[in-house]
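Q: I am new to this structure. Please take one part and look at it closely, then show me how it sits in the rest.

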Amino acid sequence: MGLMFKDETYRGDFTFYNSPEAIRHFPFPFHEDKYMYAVNIEPHTPGPKGSAYEFPIDIDEHYVSDMRDRALVLQEDPLRCQSLPHMITAEWDLVELLMTSMSDAYPEHFTLKRNGDAWHWINRPMGIENEFTFGDTSTLPYPPMEYITRQCQGDFCLLDQRDGDLWMDSGMVTSQADWSLDFDIGMSFKEWHAPVPLAHEIGVFDRALKFLLAMQIGRPVRRLNWTMTINPRLDTSPENYHKWGTDRTTVTPENVGDKVHLRVELQALWRLPRSNAIVFSIRGYLIKMRELVTIPKWGRRMPRVLKTLPPELAAYKGLTRYQDMTIDWLAKYDDGAPTSPGCFPD
Amino acid sequence: MSAPTEIRVRVAEAEAVTPAIKRLKLVPLTSTPLPDFSGGAHTVVHYTDGPRHVRNPYSLMGSPFDPSAYQISVLRVPDSRGGSALIHDGVHEGTEITITSPINLFPIDRRARRHILIAGGIGITPFMAMTAQLDREGADFQLHYAMRDRASGAYWKLLKSIYGHRVHTYFDDTNETLALTRLLDGQPLGTHLYVCGPAGMIDWVLKTAREAGWPEENVHFERFAAPPPGKPFQVALARSKRTIDVAPRESVLEAIEAAGIEPQFLCRGGACGQCETAVLEADGTLHHNDHYLSDDEKASGKKMMICVSRFEGARLVLDL
């Protein structure tokens, strides 16, 4: 048995939805009834079967449609994929990480055969097969990072480590929550985090940077981040703000359940062996409010989190305009009962 | 985060490269290959001999492209605290030891258009892996390697045979000196400088480069301090509610580990910052021997790198 890949859209008619299995698979990010920034980094070790944490790289029912949406974004805006020349070794490190992770976790869909530097990759859901020489860019149809990230869900940034800092020197970013690789490329860790409110003052980035600089090979870590998105749209980039910014004005009390989505990023980081770079993956998940409340615990918790969210955070996440309407819609799912600790459904 | 991942390995070869330097080839005990690494990375060797535990950092000097084995070089330091001598004398072909997963605190800057590597003595080891990597990646590099004499210098013949004119050697006993000012003069923009060797040499290279106007971010060095011995003292651990004795030839980190507590560490040489510990109370003088804390932080007396720094006085309380 394997995954059943759905045919759905993240633009135009927005046919994206989650099956009941995908709802249970969703990485709900709130472990209690309120939210505040924390350096919530934990080891990226296998989680419960069926969860988004089961495998190091998560492939789900949306895979084929995600990859089609990425190709559309790149066709309109090739600058969503950029890599500075000194990152080529890190690009190959990423090819190895993704191909081995995907083929180990989903052997029915992906196969990797290695014989020294002679590699053979088969991607069945996308109908891709290539024999290539590891380390020789001329043997692939795209540069190595672009090649493999056109075949893997989630955005990817490759961070170079030098001078006691991390530098955003490479990335494939087509499904972002309102940030731009083209703007951030070449920036240092604190430069690209500069717009985030509150967190600098409480020292979150000092601690996070120190932690990341010391990351070890074979010890990946992860954290969750979240925001909300109107319509199931993967590409909420600043470049396309004119296409999606006005979506926020279309929310009405009647359509909250279908229009308002919780957007969760499962951010995982690995130290790459040959380049000493770090890969920062940002795997986005979308869930409609109507789907979210099918898990009673999440239905109770979500309005409580939104009610107690600091206004700066609500503004930064861009949800001020429809926050109250969403709380009102969710209110009928909160019977006031206590919720159990942790993120998983009861 | 806990201490680094540990890997059990067996010594497959132990070769006396010079009277004082032993090269160890380490292979994994299982069929799982060792992790790939990047030039400049080190591992911490954990060797146990009866009650004595030695944990010393060593640069990985084999090719980063050969995960079947790691290579390190152990210099027998005569006036050391005995750790390097213990490993040098006690480890033979067939000995099983524990090492940590590789960590790189001395990475290549891949933006460089040219790499100038300067090694003194045993400081050659990280450059063994770096040259292999730079050569394979087709980078422009040159190695300048200073040694006491031809007999005590390690690997210089090997390096010359592989990299030819890109390797320059300097022997003290025949009064050959590296003309550093001239070397640094007229290098093209985008040249990066790397130095590893005795403290005096590193200081000299850094100072000369600074005076020649080199940007700090183009100059890289690896400086592991061995924990210096000193007077014994006691340290109270606030969180674990214990008091530990630190012996003259022991570091705080080692004393705490011997008591069964496992603080974080990566380099054990005052460079990486992982074992930074909050000082809650210090009635006496902290001797900061690290290269990590800023002068202001050292003066504040609120932090201590427990891998190399010591204390003299009535009472020291750490947040551990």
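A: Let us start with one residue of this predicted model. Leaving aside neighbours within four places in sequence, A:Val73 is in contact with A:Arg80, A:Thr174 and A:Asp235. A:Val73 belongs to helix α2 of chain A, which runs over residues 63-76. Is A:Val73 buried or exposed? A:Val73 has 22 other C-beta atoms within 10 Å. The cut-off for a buried residue is 20 or more, so A:Val73 counts as buried. A:His261 gives a sense of distance. A:Val73 and A:His261 are 188 residues apart in sequence, and their C-alpha atoms are 21 Å apart in space.

Now step back to the chain around A:Val73. Chain A holds 13 helices and 10 strands. Of its 346 residues, 38% are buried. Its C-alpha trace spans about 60 × 45 × 40 Å along the principal axes. A compact globule with 346 residues would have a radius of gyration near 20 Å, and chain A agrees, with 20 Å. Among contacts in chain A between residues at least 6 apart, 71% join residues at least 24 apart.

Next comes the nonpolar interior. In soluble globular proteins, nonpolar side chains tend to be buried together. Here the largest nonpolar core has 150 residues. Those with the most contacts inside this core are A:Leu94, A:Leu98, A:Leu158, A:Ile278, A:Val279 and B:Leu117. Helix α3 of chain A, residues 88-105, gives the most to this core, with eight residues. What does A:Val279 touch? Not counting residues up to four places away in sequence, A:Val279 touches A:Leu94, A:Leu97, A:Phe156, A:Leu158, A:Leu269, A:Trp270 and A:Leu272.

Another helix of chain A is α11, residues 296-307. Its 12 residues should span 16 Å at 1.5 Å a residue, and its end C-alpha atoms are 18 Å apart, which agrees. Buried in α11 of chain A are A:Trp298, A:Arg301, A:Met302, A:Pro303 and A:Leu306. The buried residues of this helix pack against α10 (289-292) and α13 (320-331) of chain A.

Finally, look at the partner chain. The contact between the chains takes 15 residues from chain A and 21 residues from chain B. The side of chain B that touches chain A has nine nonpolar, six polar and six charged residues. Chain B is divided into domain 1 (6-104), domain 2 (114-222) and domain 3 (233-318). The C-alpha centres of domain 2 and domain 3 of chain B lie 34 Å apart.

Technical notes:
Residues numbered from 1 in each chain as written. Chains lettered and ligands numbered in written order. Predicted model: local features only at pLDDT ≥ 70, side-chain atom pairs only at ≥ 80, totals over all residues. Contact = placed C-beta atoms within 7 Å. Nonpolar A, V, L, I, M, F, W, Y, C, P; charged D, E, K, R; others polar. Helix = DSSP H or I, 4+ residues; strand = E, 2+ residues; numbered from the N terminus. Expected span 1.5 Å × (residues − 1). Buried ≥ 20, exposed ≤ 12 C-beta atoms within 10 Å, placed from the backbone. Domains from an automatic or database assignment. Core = buried A, V, L, I, M, F, W, Y, C linked by C-beta atoms within 7 Å. Rg over C-alpha atoms; globule rule 2.2 N^0.38 Å.
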